[in-house]
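I opened the model to look up a few local features. My notes follow.

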Amino acid sequence: MLFNSIDFAIFLPIVFILYWFVVNRNLKLQNLLIVLASYVFYAWWDWRFLSLILFSTIVDYSVGLGLAKEDNKSKRKILLWLSILVNLGFLGFFKYYNFFLDNFISAFSFFGNEINANSLNVILPVGISFYTFQTLSYTIDVYKRKLEPTRDIIAFAAFVGFFPQLVAGPIERATNLLPQFYKKRLFDYTKAVDGLRQILWGLFKKIVIADNCAEFANQIFNSSADLSGSTLVLGVLFFTFQIYGDFSGYSDIAIGISRLFGFDLMRNFAFPYFSRDIAEFWRRWHISLSTWFRDYLYIPLGGSRGGTGMKIRNTFIIFIVSGFWHGANWTFIIWGALNAIYFLPLLLTKNNRSNLDVVAAGKYLPSIKELSHIVFTFSLTVFAWIFFRADSVGHAISIISKILSSSLFTFPNFEGMARAMFTVLLVGGFILVEWNGREGEYAIAHWGLKWKRMYRYAIYYSIILAIFWFGGKDQQFIYFQF
Amino acid sequence: MKLFLKKLIYFLVFPIVFVLVMDIWLRNQESLYSVKYEGALLNKDSIEILILGNSHATYGVDPDAFEMYAYNLANVSQSIYFDKRLTTSLIDSLPNLKYVFISIDYHSLYFSSQGIRDIWSYYGNKIKYKNKNYVLEDISPFCYGYSPKVSLSLLKKRVLNFLKYGKECLSYNVEVGVNLNDTLKKGFISFEEQCNSDFFNEEIYKSRIDVFNKKIYSSTERGEVLKDLDHFIDNLIKNNVEPILYTTPTFTNYNTYLDSSILNQNYKDILGLLNKYNISYLNFMDHPIFEKDDYYNADHLNKKGALKFSKMLNDTISKIQTNDKVYGNLMK
């Protein structure tokens, strides 16, 4: 079920009413309702893959109980590895089987050995990368004794399958989300209203910004061979805002819906395109994934504590694995490596934590220095997105070589340019709203809160109208494919 | 919770009332589909020729140019699936119907759906697409039928047209390029002169044809559409009505970008039907008589072109009675 579908618009109020009016006095029933609603939500896409979620839930729940009983170190390790192998085994099969097979065949062919092996037509279960990492966080935290294992399988199933964030995150840490299922939830008016506001803004980002940008980004990337360098730059910029609007929009909707049910999810995006350096960008982009890799991969590898060689190795590992998490394609690996290259100079010169605050806090405009840093960081990010969006490494290279040709200095031109200019205006307005609200959790978090209700409602109605009026053609959420 | 629900209801009152008003307005709106259909029923005893097809025929065949009483029942994007069901729903009410012109364009044999236009046929002519149930579309045309975006743009158009032309202009939605002070005659209304934008630009042809080609290459419906057409022709013959297949003219430069293998496949399929039923096919696609001035854009005739084309269709009716059943080329 998509958040921006009529089905979901019917599903959400039904679950909300049942949750707060029918089963509100019984915590177990509330959790059970969340589990059932989450399974319906997921089965709407493909019921067959529910079995994977159920299996992961049972394995990790059992491993958790096993870890609770076991004091023997090596046996605890075996249990941990069982969970890791099952979870990553599913992920590896569904997401990476064909990638490894194709590369294996290519490598053997390179040395003159022909291998006949058939790739499988594997469907990638939606959200597998997200809930796999979420359940892994539980097992690892229990193994490290940071978290008490749960004996409540319904609460655990609700934690694994929680529908607002099941298919595209934020990837919650068990230490944050699981305890929320143990406590009685009380309806909080302010939280619910804030949730609705965040949902509205998420829908705007997805339907108005991302879907409009997607149309032109797809068009330009799909016919990149026939277009000028300047048009390709425009295409990459469209993709830059498409992916931000799409993914951060989804996260906003997920967080907002969770608030309606009395849950607090972690923040996933914090105005990343206003970052002054790449380290800041990675503290603001897909925060739940970056911190997951930091906590469960980077720090166990030694983090930045070792010598220079170790720091370089660990940085490359974390960024390349992060790239590979996004998809089984060399383009994602290069995207990750490129970000590692951007990040390393900051780490090695110990400047990776120099921009921890909000840019130009309390001011209308950034200083010239801040602006130049933002523009530079943004340009690096945009360049890396070329690899992320391209179909293959060859495709990305051909786009870059065209961008670096003299056609960069011509006026962008492609079929639909006039309509694209309107989208450029929409994106321009969107950037201004985001800049204005950058000190909040999301751009319109504080908008009009002190205004008269009439004016505040007028703003919300305008956003709803804009969603219907300017909404682009329906596009699948990008992160569903990861 | 009470406060939340109270304020939520306050907030939702305006949108709910707006949606209800829009639903009422949309239900009472005329569309070219409904007006044409009602026009056909009003003239049911006179109609001898029925013109079917998509926008090429809607704006390209002028029934006034025919000696017999012709009526244009083509609609934008109308596929053979809808042509057939529209005719079937009327055929018993048309006692004097002699000929039905069925338009076969480059893409006609590859899709049965008209995309977002399916709903227009449902609201205008009550024709359902396959087994689709239209329960939600009946409940709210705004939310589930036309979609909020299309509904709002219809409202915007209507308001702007009213302000610009007053009550006298057409009360239903037509394509840009149609004179809104014009009147619908025998189901026909035309494009004025020529499109101002760069529709005669080769890049535009390519990308327009690309859209068709992508859909055609991925289509799995050809067999089904052909079977439906075959059944349609068979039914017409059984009702003593002569089906005539035809292809509307499209601009020569545009035609050079069409995929010849698709055209040849179309002609083979058409030839199969001609041989099976001994019916006629009139192919005007590359006809040299049509010049740039006859077109509104690369694949639509304007008023002048429509008149020219319709006169030719009228002339060929008498010729195909006695001579060759095929007019124009069958191979690219």
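Entry 1. I looked up B:Thr247 and found that its bridge partner in β5 of chain B is B:Asn283. I then checked the two strands: β4 (residues 242–247) of chain B and β5(B) run parallel and are joined by four bridges. Two strands pair if DSSP finds at least two bridges between them. Helices (H or I, at least four residues) and strands (E, at least two) are DSSP runs, numbered from the N terminus.

Entry 2. I noted that this is a predicted model, where local features need pLDDT of at least 70, side-chain atom pairs count only at pLDDT 80 or more, and totals for chains, interfaces and linings use all residues. Residues are numbered from 1 along each chain as written, chains are lettered from A and ligands numbered from 1 in the order written, and side-chain values use heavy atoms, without hydrogens and water.

Entry 3. I looked at which way the side chains of β5(B) (residues 280–283) point. B:Ser280 and B:Leu282 point one way, B:Tyr281 and B:Asn283 the other, and all are buried. Buried means under 20% relative accessible area, exposed over 50%, partly exposed in between (1.4 Å probe, protein chains only).

Entry 4. I turned to A:Asn355, in the loop between α13 (330–348) and α14 (368–389) of chain A. A:Asn355 is buried, at 15% relative accessible area. Its side chain makes a polar contact with that of A:Asp277 (2.7 Å). A polar contact is a pair of N or O atoms within 3.5 Å; within protein, one must be able to donate a hydrogen and the other to accept it, and residues adjacent in sequence count only if both atoms are side-chain atoms.
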